[in-house]
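Student: I would like a close look at one part of this structure. Please take me through it step by step.

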Amino acid sequence: MQSQIEDNYLISACLAGDETAFGKLYDKYVASIYRYIVWRVASPDTAHDLTAEVFLKAWQHLISSEKEIENFKAWLYRIAANLVIDHYRKKAHDYLSLDETAWENMVDRSFNLEDEISQREDAKVIYRAMELLSAEQKDLLFMKYGDDLSVKEIAQITGKSTGTIRVALHRAVKALKIILKGKQ
Amino acid sequence: MNFYGYKKTLIYLRSRTKPGADWQIRQKELLLAEIRRSPIWQAPAALPAAGSFFLPFIYFFKSTTAAILVVVVIFSGFITTVSAARASLPGDVFYPIKISLEKAQIGLAFSGEKKAELEMAFAGTRLNEVNELIKREAGSPEGSAHIKEAMAHFNEGMSALQARLKNVKTASLSTLVNDTTLVLEDNLLAIKGKIGETSLDKALETVDETNTNSLAMIVATAISSPNNDAKQEALAKLQTKVQRIEKKIDKIKAAVAASEPVAGQEPAILPNNDQSALASSVSSLLLDKNGDQGASTSREVLRQIVKGSQNMPNEVKKSLEDAKKILEQKDPSKLDDVLSIVKDAGYKINDILK
């Protein structure tokens with residue numbers, strides 16, 4: 001709630017003429033939006049481009065729309081989600097149809113080779129755990145445990161009710177547990 | 001791997017997945033450049049065509065001419081005019097429109113919290129204007145007048161914010177006001193450092209008062225709330241306030257040490273206006289009654305007043321030490337005690353700074 005009030009204040013400030021206010025919003029959310037996107041498109045370069053587009057679209061909408069934004073964070077994620085869907089549409093690929101090598105590409109290119117190798121192994125493990133899940137289930141699990149979003153935020157981003165999200169998440173976790181047990 | 005291991009791995013990967021640092025900086029610069037290019041305000045296309053909706057708001061405006069201009073601007077959709085207004089500074093033709101448009105924005109906001117957010121945002125805009133005026137008109141008589149005009153609007157906005165804070169007693173707004181007033185105070189001090197403008201003193205006092213009022217609300221919320229986070233936040237905010245007052249004390253002491261002492265005497269803190277007025281009236285009274293004897297007695301009175309001022313920072317510092325000891329105990333039941341000390345210390349130090 002406090003974060004929402006701060007966001008609303010920063011939005012008011014940037015509309016009042018304080019250019020740095022939107023910069024502060026950018027600093028606050030750029031890493032999490034990038035992470036949301038890169039885990040879904042599996043290419044850091046594409047993720048960088050799409051992240052930049054998210055903030056540009058957000059700014060353009062802020063200055064042109066009369067509608068007050070209730071939850072800036074959720075709204076930003078919605079823009080990111082729509083851009084990712086558009087990305088898959090253009091590539092004519094199924095949503096979240098990522099392969100193992102794609103996952104390895106998402107890993108931070110560390111100067112520490114040992115670190116990088118360890119991360120690639122972790123990414124492979126996650127990929128293998130999730131490959132049998134549906135795109136929707138993968139998305140939900142990423143949002144809950146990867147992006148650290150609450151059920152309410154996920155509901156606001158997806159446009160569904162919190163009840164629906166809660167049930168869907170429960171089913172996704174159940175499915176994943178069965179898969180993980182089967183792989184043991 | 002089990003589900004716990006999966007979660008742990010994902011959380012670990014989360015911490016390691018981030019955009020390139022160089023890209024982040026570069027992208028931010030590009031974004032801010034784009035923001036500077038675009039018109040911040042556009043004519044609100046969604047407003048109903050019927051003028052009667054807008055008429056009540058005209059009565060909020062002090063300047064009838066500006067009010068008429070605002071209505072004309074909005075219904076004609078003069079984006080250029082709005083952009084020119086946004087970029088204007090005190091003394092510019094469009095500045096009254098800018099102020100009126102801001103008031104219209106506040107008037108049109110539905111919730112008290114939204115109005116308060118806008119008031120804080122516009123207070124920041126006033127200080128940005130002052131900084132622009134310093135660059136543009138440094139040292140000129142018109143510049144000084146324009147700065148005073150910006151500060152008058154600033155003070156008006158802060159007074160409105162103070163009144164609103166009394167009515168909108170939410171914890172989140174109190175925290176936002178508390179944080180924002182600290183930023184405003186720092187900006188005001190930076191401006192004062194550049195130009196030494198005395199019209200800023202009133203603004204500094206108002207901002208400090210608003211900050212203290214918001215702190216009082218945070219403490220009140222913390223005391224009545226079973227939530228431990230609220231209590232911890234109140235403790236942290238009180239600690240910040242104590243540190244800031246201590247910094248002011250150090251500045252006062254440094255200023256006193258830097259001032260040249262009269263030979264054979266310790267450097268003294270100059271009495272503020274109230275104390276000088278008091279000394280002056282006492283002097284007059286004593287001189288009237290006692291002639292020369294009155295003159296030496298009045299000097300003694302002045303010395304006592306100055307001595308009191310000299311000791312004040314140390315006394316305040318001592319009371320703050322007591323506050324810090326209470327804060328160290330992290331005892332939420334004593335928040336009110338610390339608040340009282342902080343309020344008292346703040347008033348005394350602001351008195352000296354005048």
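Student: How do the residues of the lining of the second largest pocket divide into nonpolar, polar and charged?

Tutor: This is a predicted model. In the lining of the second largest pocket, 14 residues are nonpolar, nine are polar and 12 are charged. The space in this pocket comes to about 810 Å³. Its lining is made of 35 residues, and those closest to the centre are Asp18(A), Glu19(A), Thr20(A), Gly124(B) and Asn128(B).

Helix α4 (residues 72-91) of chain A packs against helix α8 (residues 151-158) of chain A at an angle of about 50°, and their axes are 8 Å apart. On the α4(A) side the contact is made by Lys73(A), Ala74(A), Tyr77(A) and Arg78(A), and on the α8(A) side by Glu153(A), Gln156(A), Ile157(A) and Thr158(A). By class, three of these residues are nonpolar, two are polar and three are charged.

The loop between α7 (135-146) and α8 of chain A holds Asp148(A). Phi of Asp148(A) is positive, near 60°, and this residue is not a glycine. Most residues other than glycine have a negative phi.

Terms used. Residues are numbered from 1 along each chain as its sequence is written. Chains are lettered from A and ligands numbered from 1 in the order in which they are written. This is a predicted model: local features need pLDDT of at least 70, side-chain atom pairs count only at pLDDT 80 or more; totals for chains, interfaces and linings use all residues. Side-chain values use heavy atoms; hydrogens and water are left out. On a 1 Å grid over the protein atoms alone, a cavity is a set of points where a 1.4 Å probe fits but cannot get out, and a pocket is an open set with protein on both sides within 12 Å along at least five of seven lines; lining residues have an atom within 4 Å of a point. Grid points are joined across faces, edges and corners, and a volume is the space filled by probe spheres set on the points. Ala, Val, Leu, Ile, Met, Phe, Trp, Tyr, Cys and Pro count as nonpolar, Asp, Glu, Lys and Arg as charged, and the others, Gly among them, as polar. Axes are lines fitted to C-alpha atoms, for helices over the stretch in contact, and angles run from 0 to 180 degrees between N-to-C directions. Helices (H or I, at least four residues) and strands (E, at least two) are DSSP runs, numbered from the N terminus. Contact means heavy atoms within 4.5 Å.
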